[in-house]
Amino acid sequence: MSLPAYAGPLETTWYYLFRFICGLIFFFLIAPILVIIPLSFNAVPFFTFTEKMLTFDPEGYSLKWYRDFFSNLNWQGAVKNSFIIAFFSTIISTTLGTIAALGLSRAEMPAKTWVMGILISPMIVPLIISAAGMFFFYTDMGLASTHLGVILAHAALSTPFVVITVTATLVGFDQSLIRASATLGANPTTTFFKVIVPLILPGVISGALFAFVTSFDEVVVVKFIGSYEQRTIPWAMFSGIREQISPTILAVATLLVLLSVGMLATVELLRRRNEKLRGLSPG
Amino acid sequence: MANTTTNSPLVTVDGTPLKVSLGRAKRKAKLRALLLVAPLFAFILLTFFVPIISMLLRSVDNEVVSYTLPNTAPLLSQWDASSGEIPGEAVFKALAADFKESAEDKYDDKSAGKVGRRLNYELTGFSSMFRKTARKSKKFEPPYKEAFIKAEKKWGDPKYWQVMQREMRKATDSYYLAAIDAGYDSEGNRAFNEPGKRVYLKLFWRTFWMSGLITGLCLLLAYPVAYLLSILKSRTSNMLMILVLLPFWTSLLVRTSAWIALLQKEGVINSLLVATGMLDDANRLLMIHNKAGTIIAMVHVLLPFMILPLYSVMKTIPPSYMRAARSLGATPFTAFTKVYMPNTIPGIGAGAILVFILSIGYYITPALVGGQSGTLISNLIAYHLESSLNWGLAAALGAILLAATFALYLVYDKIVGIDNMKLG
Amino acid sequence: MKLLNRTLIAVAVSAGMVGVASAKDLVVVSWGGAYTASQQNAYHAPYMANNPDITIVNDDSAGGAVAKLRAMQEANNVTWDLVDMVASDAILSCDEGLVIEIDHNAVLAAAPDGTPALEDFGDLVVSPCFIPQIVYSTTFGYRTDKVGDTPPTSINDIFDLDKYPGKRALQKKPINNLEWALIADGVPADKVYEVLGTEAGVAQAFAKLDTIKDSVIWWDKGAQPPQLLADGEVTIASAYNGRLFSVIEEEKQPIAMMWDWQVFDLDGWVVPAGGKNEADVLAYLNFATDTQRLADQAKYISYGPARASSAPMVGKHKDLGIDMAPHMPTSPAYAEHTLLYNYEFWADNIDDLTESFQAWLTN
């Protein structure tokens with residue numbers, strides 16, 4: 001909405017002031033994330049811009065925190081664990097969550113709100129409480145300090161995201177398409193793979209990405225039920241911040257920002273594709 | 001033929017009445033829907049619900065005392081606590097037997113030391129009392145009363161016996177009392193602790209008001225941004241949306257460490273202020289390890305959770321509403337506050353409750369940037385789980401926090417509907 | 001021929017199985033970082049070299065180990081073989097039956113001169129389950145560039161904001177802080193615990209701490225105070241002596257130490273009850289806690305060996321080449337004012353005083 005031609009001076013002032021305020025808020029949102037990127041190339045172990053950095057002296061910059069990250073076994077183990085755990089927990093939560101969403105979106109589903117409430121609760125219950133419960137129970141089951149335990153825990157924590165995104169995709173889903181497919185002679189399996197899957201796939205993939213990020217970012221639960229063998233990137237960052245805060249953490253953070261840019265781009269593309277497919281938006 | 005159709009119920013091809021057949025089909029469809037949901041439901045129940053419920057049971061579970069002291073329990077229950085006298089020889093004899101048994105079973109779960117630790121939460125001194133006694137109990141000989149008191153003089157003090165008698169119960173309320181800064185006084189009545197020893201109510205209160213403040217600040221910052229996004233052309237607003245979504249997708253740890261880099265004493269903001277001469281080097285601002293640090297970082301982390309629901313509601317408000325109000329003579333301000341804002345209330349409600357729910361359970365950010373004054377109730381729960389090992393108290397605090405969260409969840413359901421929750 | 005072949009195969013298979021069965025992993029839980037590294041160099045590596053069938057796996061989860069051990073024991077599924085703990089946690093774990101009692105003289109090696117282990121460790125065996133390893137102390141570090149020409153020399157200086165303005169970092173627990181507050185308030189050291197046992201005494205300690213409360217940043221992880229000092233966030237900090245040693249001698253930061261009323265504490269081994277390799281662990285302990293090994297650890301980290309017989313054998317730092325003896329907290333140079341952590345007192349009062357401490361912090 002641009003400024004109308006008939007706007008008075010007060011409105012004009014307000015128009016620009018408002019945009020200025022919004023600009024500041026956007027700055028608040030994004031600046032902290034951007035500021036760590038140059039800081040991660042700092043040549044000295046401080047969390048601030050040095051004089052040499054500000055004058056763009058090449059000596060002020062260095063890749064040594066990245067070298068530290070790539071050569072440090074502690075970090076490399078964490079990277080490996082993070083990917084393994086996030087990968088398998090995403091598979092579990094996406095499969096279970098998608099199937100459940102298909103059921104939940106049917107009109108015949110009884111006690112829908114109630115069931116939905118329970119399925120979403122892992123997202124709502126404070127993490128420390130989930131972590132405490134899982135700590136005792138998973139130790140009892142012999143699942144503590146195992147990758148499997150952490151994978152199951154993360155799968156439980158991330159299913160709500162899959163359920164929510166896939167159900168949202170299914171809201172606009174035309175049930176008559178299934179009937180149409182059946183009248184045209186397709187069996188339920190064919191219908192599922194040829195009609196339902198292509199339509200809900202964007203939702204499933206964004207759900208899976210949400211699930212992946214949830215696991216990839218989770219630190220409270222893994223700290224309680226995992227041991228050093230299961231340490232993940234956020235765990236290593238958490239203890240790094242508490243114990244030996246070095247710019248290596250900023251190097252890791254920068255790499256993670258790049259990862260999230262990639263994820264965000266994927267989700268956005270999928271969302272637009274989904275809207276286009278269902279004719280909800282012209283562009 | 002015509003007669004029969006009007007008088008008898010409709011039937012399907014195979015002769016069953018249509019109503020029955022429809023009902024059957026409906027039941028089948030219902031069952032199919034349930035079957036689809038069942039695997040996840042079972043999974044969540046097993047990996048999430050059961051663990052939490054069983055953890056919460058620890059907040060009342062007190063079996064360890066009577067289980068480890070099975071001989072003493074029935075005898076001690078007959079002792080008259082108000083007599084001012086310690087129990088008689090029979091109780092001491094039973095206790096000696098229990099101590100000997102526990103020494104044999106020590107590595108299973110019958111450790112007298114565990115009972116000592118448990119009772120020490122009620123009254124300071126039990127821990128060493130049980131340890132010393134356990135060490136010497138192998139050599140105890142009758143008369144046991146003398147032997148016990150010789151080993152540890154606290155056995156001659158009725159106040160310890162009083163606590164033991166009370167905590168022989170299988171379920172206790174003392175963890176919940178402790179969680180609200182209360183306990184039993186020397187007469188055995190429930191009472192609040194003296195003001196110098198109140199911690200948890202203050203922390204609950206702090207958790208709530210800080211969450212409220214964070215929610216308010218988020219709303220204040222989110223409202224204009226969401227409004228701007230909703231009125232801009234979709235190309236521009238999609239571009240700006242990235243600025244909201246990128247933080248949303250970025251790891252919490254990344255954002256928290258970014259704030260540490262920015263806010264600490266030798267950090268970016270302080271250095272910038274000093275370098276530009278706006279601040280004296282000696283007076284660098286303290287923005288971290290306190291409430292301010294927690295609030296700034298948490299507002300940043302939670303802001304997208306406020307912007308997104310607000311935006312999705314504002315997007316659906318037709319611009320014609322405002323135009324209509326203006327053409328009816330309303331000033332821009334009146335039109336905005338009287339027409340536009342009431343329409344955004346569902347979005348405000350959704351965002352505010354979501355942010356509030358998330359912030360009362362926050363752990364990581366306060367733990368890293370909160371220092372002492374920015375600690376929230378979650379951090380104390382973690383402390384009792386990891387360090388003090390008072391798991392009953394941790395469970396009681398957790399149960400209270402969970403109840404608060406659940407209440408808010410219900411409100412959220414009322415306002416938005418759980419099945420309307422959207423992400424990104 | 002066939003028969004012979006079959007026999008050979010059988011022998012080979014059984015030999016292979018024996019090989020598999022005897023190759024064991026011992027999971028040793030310790031603190032990570034420089035501390036685990038010093039144990040790896042001084043104990044694990046030489047032991048594995050002598051015993052190729054044993055592999056020692058380091059698990060850096062000693063922080064919060066008691067909680068995990070307790071949960072494991074409740075579940076009857078103890079996966080750890082040996083745990084490094086501070087003495088107070090060892091006493092607690094021993095009380096609860098989480099760790100086994102040790103017959104020190106039978107399990108551990110005697111000193112080179114034949115002194116039995118129990119006598120060699122002396123008073124430091126504070127629990128029948130505990131095998132002491134090192135003596136460390138919580139003491140003070142200060143920024144040399146922020147204290148002018150008169151560096152702090154006494155505990156009173158910690159509480160003197162006029163003389164030494166600036167933030168302090170103290171550990172976020174009542175232990176040590178309450179003792180220091182009382183001593184600085186004029187209570188004789190040998191009366192500290194007596195006074196602290198009374199409500200008036202606790203109030204007195206908190207009143208003294210009140211005088212600096214607004215200037216304190218509270219730390220809870222050992223690495224924080226050196227970092228806070230190095231970053232200039234604080235002027236004076238209480239810290240573990242080994243951490244201060246490395247920030248001063250290895251990282252060459254403008255920091256110095258003040259040893260007045262350092263509080264000694266112990267760190268050592270405990271063997272979890274229900275562990276699956278008890279015999280192997282005890283064999284390892286016999287080696288890893290002998291006189292030479294304990295003295296060797298001081299080459300890598302500045303903590304005092306727990307055996308009396310190890311003290312004369314402490315040599316030079318492995319990389320820095322400096323003589324380590326003067327950097328031991330047990331060095332006679334710092335012996336004038338010292339306090340030994342009172343395990344008995346704190347085992348009873350920790351819950352109660354932690355609560356009071358939390359309340360004091362919150363108010």
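**Strands, helices and contacts**

Visitor: Which residue in E10(C) is the bridge partner of Gln262(C)?

Guide: That's Thr338(C). Before we go on: this is a predicted model, where local features need pLDDT of at least 70 and side-chain atom pairs count only at pLDDT 80 or more, while totals for chains, interfaces and linings use all residues. Residues are numbered from 1 along each chain as its sequence is written, and chains are lettered from A and ligands numbered from 1 in the order in which they are written.

Visitor: Why are E8(C) and strand E10 of chain C said to pair?

Guide: Strands are DSSP runs (E, at least two residues; helices are H or I, at least four), numbered from the N terminus. Two of them pair if DSSP finds at least two bridges between them. E8(C) and E10 (residues 338-340) have three bridges, in the parallel sense, so they pass.

Visitor: Which way do E4 and E3 of chain C run against E8(C)?

Guide: Antiparallel in each case: E4 (residues 131-143) has eleven bridges to E8(C), and E3 (residues 82-86) has four. Arg143(C) sits opposite Ile255(C), and Val86(C) faces Asp267(C).

Visitor: What makes strand E8 of chain C "mostly covered"?

Guide: Twelve of the 16 residues in E8 (255-270) are buried. Buried means 20 or more other C-beta atoms within 10 Å of a residue's own, exposed means 12 or fewer, and partly exposed is in between, with C-beta atoms placed from the backbone.

Visitor: Why does Gln292(C) count as partly exposed?

Guide: Gln292(C) has 16 C-beta neighbours inside 10 Å, so this residue falls between the two cut-offs. Gln292(C) lies in helix H14 (residues 291-297) of chain C.

Visitor: And Leu310(B), buried or exposed?

Guide: Buried, because Leu310(B) has 27 C-beta neighbours inside 10 Å. Leu310(B) belongs to helix H15 of chain B. Its contacts (C-beta atoms within 7 Å, placed from the backbone) beyond four places in sequence include Ala222(B), Tyr223(B) and Gly351(B). Tyr227(B) is 83 residues away from Leu310(B) in sequence, yet 8.1 Å away C-alpha to C-alpha.

Visitor: How do you know that the length of helix H11 of chain B agrees with what it should span?

Guide: The expected span is 1.5 Å times one less than the number of residues. With 32 residues (200-231), H11 should span 46 Å, and its end C-alpha atoms are 46 Å apart, which agrees.

Visitor: Where does H11(B) bend?

Guide: At Ala222(B), by about 30°, with Pro224(B) following within four residues. That bend is the angle between axes fitted to the seven residues ending there and the seven starting there.

Visitor: What is a nonpolar core, and which residues touch the most other members of the largest one?

Guide: A core is a set of buried Ala, Val, Leu, Ile, Met, Phe, Trp, Tyr and Cys residues joined through C-beta atoms within 7 Å. The largest has 279 residues, and Ala222(B) and Leu302(B) are among those touching the most other members. Helix H15 (residues 291-314) of chain B gives the most to this core, 15 residues.

Visitor: How many residues of chain A and chain B are in contact?

Guide: 80 from chain A and 74 from chain B. H1(A) brings the largest share of chain A's side, 13 residues. By class, that side has 63 nonpolar, twelve polar and five charged residues. Here Ala, Val, Leu, Ile, Met, Phe, Trp, Tyr, Cys and Pro count as nonpolar, Asp, Glu, Lys and Arg as charged, and the others, Gly among them, as polar.

Conventions
Two residues are in contact if their C-beta atoms, placed from the backbone, lie within 7 Å.
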